[in-house]
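Biologist: Can you walk me through this one? I have the sequence and the model open.

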Amino acid sequence: MITVLASWEAVKNILTLILAFVFVLVLAYYGARFTAKYQGNMLSNRANIRITESFRVGGNKIIAIAKIGKSYYALGIGKDEINLIAKLDEAELIDFNNSNDSSNSSKLDFKSILANIKNKEEFKLEQDTQDEFFEESKDNIIK
């Protein structure tokens, strides 16, 4: 009788431990979501400083375009430093979201890129077939 009671106590302790673990995981999940939402709102509400675009150059080196006030700056960002590369005019920047230039939109359109690749593969296949035909014709003429 004592062993059955002891085994029920062990099961009860294990279930309590599992429930406590699940509670801590849920609490951590919602805490992280709240923190991320709070920090995201705090960062996006700043009107004077915005990173409009960034490009990773190497391991921990980034070139970024920052809008500070009404001016744009090209910044070199490294592990321990930020360097001003140049001050940019708004006219020098390309806005890909609002651009009416068809050459820019065609470069960024996945469908046209895929069609271009397919056309190149078909053209190469066609070239290979023609080359084989000419090789066979040349061999037949020589014989």
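**Rings, sheet and one alanine**

Modeller: The structure holds one aromatic pair. Rings of Phe, Tyr and Trp (its six-membered ring) pair if their centres lie within 6.5 Å; planes under 30 degrees apart count as stacked, over 60 as edge-to-face and the rest as tilted.

Biologist: Which rings, and why is the pair edge-to-face?

Modeller: The rings belong to tyrosine 29 and tyrosine 30. Their planes stand at 75 degrees, with the centres 5.1 Å apart, so the pair is edge-to-face. This is a predicted model: local features need pLDDT of at least 70, side-chain atom pairs count only at pLDDT 80 or more, and totals for chains, interfaces and linings use all residues. Residues are numbered from 1 along each chain as its sequence is written, and side-chain values use heavy atoms, with hydrogens and water left out.

Biologist: Is tyrosine 30 buried or exposed?

Modeller: Tyrosine 30 is exposed, at 53% relative accessible area. Tyrosine 29 counts as partly exposed, at 46%. Buried means under 20% relative accessible area, exposed over 50%, and partly exposed in between (1.4 Å probe, protein chains only).

Biologist: New topic. How many helices and strands are in the protein chain?

Modeller: It has three helices and four strands. From the N terminus, the order is α-β-β-β-β-α-α. Helices (H or I, at least four residues) and strands (E, at least two) are DSSP runs, numbered from the N terminus.

Biologist: What order do the strands take in the sheet?

Modeller: β1-β2-β3-β4, in an open sheet with antiparallel pairing. β1 (49–58) and β4 are the edge strands, and each pairs on one side only. The twist averages 20 degrees from one strand to the next. For that angle, axes are lines fitted to C-alpha atoms (for helices, over the stretch in contact), and angles run from 0 to 180 degrees between N-to-C directions.

Biologist: What holds strands of a sheet together, in general?

Modeller: Strands pair through backbone hydrogen bonds, either parallel or antiparallel. The cut-off here is at least two DSSP bridges between two strands.

Biologist: How many bridges join β1 to β2?

Modeller: Eight. Arginine 56 has isoleucine 62 as its bridge partner in β2. β2 (residues 61–68) then pairs with β3 over seven bridges, also in the antiparallel sense. There, glycine 76 in β3 is the partner of isoleucine 63.

Biologist: What sits in the turn between β2 and β3?

Modeller: Two residues separate these strands of the hairpin. Glycine 69 is in the turn, with a positive phi of about 70 degrees.

Biologist: And how many residues lie between β3 and β4?

Modeller: Four, in another hairpin. Six bridges join β3 to β4 (residues 82–88). Tyrosine 73 has lysine 87 as its bridge partner in β4.

Biologist: How many residues of β3 are buried?

Modeller: Five of the seven in β3 (residues 71–77), so to speak mostly covered. Across the protein chain of 143 residues, 8% are buried.

Biologist: What about alanine 66: buried or exposed?

Modeller: Alanine 66 is buried, at 2% relative accessible area. It lies in strand β2.

Biologist: Which residues is alanine 66 in contact with?

Modeller: Leaving aside neighbours within four places in sequence, they are Arg50, Ile51, Ser71, Tyr72, Tyr73 and Leu75. Contact means heavy atoms within 4.5 Å. The C-alpha atoms of alanine 66 and threonine 52 are separated by 5.7 Å, and these residues are 14 apart along the chain.
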